[in-house]
Amino acid sequence: MDKKTHSEEKVKTSESTNASTAKLAFCHEEGVEPYEPWKNRNLTHPLNNMGALFHMIKGSLGSGILAMPVAFKNGGLWVSLFCAVLVGVVYTHCVHILIYSCQILCTRLKLPRLGFAEIAEAAFRTGPTKWRKYSTAAKNIVDLGLFLGYYACCIVYVVFTASSLKQVIEHDFDVSMDVRLYILAVTVFVLPIGIIRNLKYLVPFSFIAIVALTFGCCFVLYDIFQDLPPLSSRPVFTSWSHLPLFFCTMIYAVDGIGTVLPIENAMSNPQRFLGCPGILNASMVWLIALYGTMGFFGYLRYGEETAGSITLNISSSTMGQTVKLMVILNVLCSYGLFLYVPCEIVWRNIEGFIGKSRKTFKYYTMRVVLILLTVVIATIVPDLEPFVGLVGAICSSTLVLFFPPVIELVTFWEDDKYMGPYRWKFYKNYILIILWFITLVTGAHISLQKIIELYQ
């Protein structure tokens with residue numbers, strides 16, 4: 001390729017976060033200092049390292065931790081513990097390759113930041129010629145998966161909060177109301193939290209959520225450790241037919257990949273996100289330790305009597321009520337962080353059609369509409385969990401186990417040095433894609449069974 005042709009293909013981009021509006025091309029100019037994306041980010045409200053760590057933990061830590069004992073029941077005591085660590089390593093690796101691919105693409109394209117969907121688009125459009133036609137489809141699929149997965153979580157959070165409030169209030173007071181009235185009452189709490197736009201101002205809520213759930217888990221563990229049976233009383237492994245249930249529960253419990261890029265993009269020091277120890281590794285070690293402890297000792301304590309939520313096994317009603325209140329506080333404080341992803345996706349897709357006047361007002365109007373819609377949908381269909389499980393089985397597994405390895409493959413397809421000896425990373429990514437397919441099929445099958453049972 002001659003010099004003239006090469007210069008004509010150089011990309012001219014502004015510091016826009018929307019890669020779809022930029023011409024995507026490589027920039028290999030000799031003698032030019034390497035472009036460092038984080039130095040070109042104009043952050044109005046940057047996140048410090050501690051705030052990023054809180055958001056990373058909260059993005060993956062939810063009430064799903066209370067289902068860990070029954071997940072261990074499906075896999076066996078020691079096999080489940082090993083598999084929990086394995087899931088944590090695989091999830092951390094997938095997030096790592098996604099972030100690293102993002103940093104490389106930002107450097108190549110001289111863009112300060114990219115979102116998840118924009119990374120997929122950029123990887124395909126700058127990748128091998130035969131795959132470039134799929135760039136727009138890749139972007140749209142990631143956007144759709146992120147929106148459905150996180151917006152469905154927001155709806156379930158409303159239902160969960162209302163149902164838990166109903167249990168707590170009706171246990172202590174002589175009242176009986178339809179759960180839909182509690183759902184409408186939850187609007188008072190989710191509206192002010194959901195209206196917060198900047199991640200920096202959500203840090204206190206993430207901190208409160210982490211503290212509330214940690215204290216709740218401590219109460220549960222206190223009850224569990226009162227009368228632990230010997231380790232030999234539980235099977236090391238149950239059966240191959242039940243093991244997929246463990247993987248599905250574990251992957252969906254730790255999934256928070258949709259919030260990872262917004263957190264990294266908002267950091268004042270994003271170089272600290274990867275590496276050792278790094279924000280990513282520190283958060284995942286803490287999470288897997290907590291999930292593993294709850295699952296291991298919860299199943300050891302209750303064995304075959306382990307319930308779907310470990311709170312149902314707690315003997316003391318007072319302690320059970322306290323744990324429920326802690327979990328309610330955790331869910332409410334998590335609502336704003338989970339709503340952040342769908343709000344940004346919707347705004348990015350409609351911003352071009354919105355007039356320049358009163359843009360801020362229109363943005364917050366959109367957020368209010370999305371918040372109220374979660375309440376309306378929850379009121380219409382309060383038994384939404386099985387359907388959301390199906391969305392989660394499809395969306396979460398695809399976002400975590402499919403797109404990161406595919407993005408890495410496309411981004412570094414022609415980079416033999418990065419792929420390693422015998423291109424071993426090429427085969428590693430294909431193993432991850434096979435794992436995604438198995439998780440997708442088993443997760444969708446289990447969710448469909450639940451939907452059938454609900455309507456029978």
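Is the crossing of helices H2 and H11 left-handed or right-handed? In this predicted model, the crossing of H2 and H11 is right-handed. The setting of this helix pair, and of two others, is described below.

The secondary structure of the protein consists of 16 helices and 0 strands. The radius of gyration is 23 Å, close to the 23 Å that the globule rule gives for 456 residues, so the protein is as compact as a globular protein of that length. Along its principal axes, the C-alpha trace spans about 80 × 55 × 45 Å. The average pLDDT is 83, and 91% of the residues score at least 70. Over residues 1-31, however, the pLDDT is below 50, although this stretch has 48 contacts in the model beyond near neighbours in sequence. Where pLDDT is low, predicted coordinates should not be read in detail.

Two packed helices are described by the angle and the distance between their axes. For H2 (residues 49-60) and H11 (residues 278-302), the axes come within 9 Å and cross at roughly 40 degrees. The two helices are therefore oblique to each other. On the H2 side, the contact is made by Asn49, Ala52, Leu53, Met56, Ile57 and Ser60. H11 contributes Ile279, Leu280, Ala282, Ser283, Trp286, Leu287 and Tyr291. By class, this contact comprises 10 nonpolar and 3 polar residues, with no charged residues.

Helix H6 (residues 135-172) takes part in a contact with H7 (residues 179-194), where the axes come within 8 Å and cross at roughly 115 degrees. This crossing is right-handed. The H6 residues involved are Val158, Thr161, Ala162, Ser163, Leu165, Lys166, Ile169 and Glu170, and they meet Val179, Tyr182, Ile183 and Val186 of H7. The residues of this contact divide into 8 nonpolar, 2 polar and 2 charged.

H6 also packs with H5 (residues 116-125), the axes coming within 8 Å and crossing at roughly 160 degrees. This angle makes H5 roughly antiparallel to H6. H5 passes H6 in a right-handed crossing. From H5, the contact draws on Phe116, Ala117, Ala120, Glu121, Phe124 and Arg125. From H6, the residues in this contact are Ser135, Thr136, Ala138, Lys139, Val142, Asp143 and Leu146. The contact of H5 with H6 contains 7 nonpolar, 2 polar and 4 charged residues.

Definitions and conventions
Residues are numbered from 1 along each chain as its sequence is written. This is a predicted model: local features need pLDDT of at least 70, side-chain atom pairs count only at pLDDT 80 or more; totals for chains, interfaces and linings use all residues. Side-chain values use heavy atoms; hydrogens and water are left out. Axes are lines fitted to C-alpha atoms, for helices over the stretch in contact, and angles run from 0 to 180 degrees between N-to-C directions. Helices (H or I, at least four residues) and strands (E, at least two) are DSSP runs, numbered from the N terminus. A crossing is left-handed if the near helix is turned anticlockwise from the far one by less than a right angle, and right-handed if clockwise. Contact means heavy atoms within 4.5 Å. Ala, Val, Leu, Ile, Met, Phe, Trp, Tyr, Cys and Pro count as nonpolar, Asp, Glu, Lys and Arg as charged, and the others, Gly among them, as polar. Angles under 35 degrees count as roughly parallel, over 145 as roughly antiparallel, 65 to 115 as roughly perpendicular and the rest as oblique. pLDDT is the predictor's confidence in each residue, from 0 to 100. The radius of gyration is taken over C-alpha atoms; the globule rule is 2.2 Å times the number of residues to the power 0.38.
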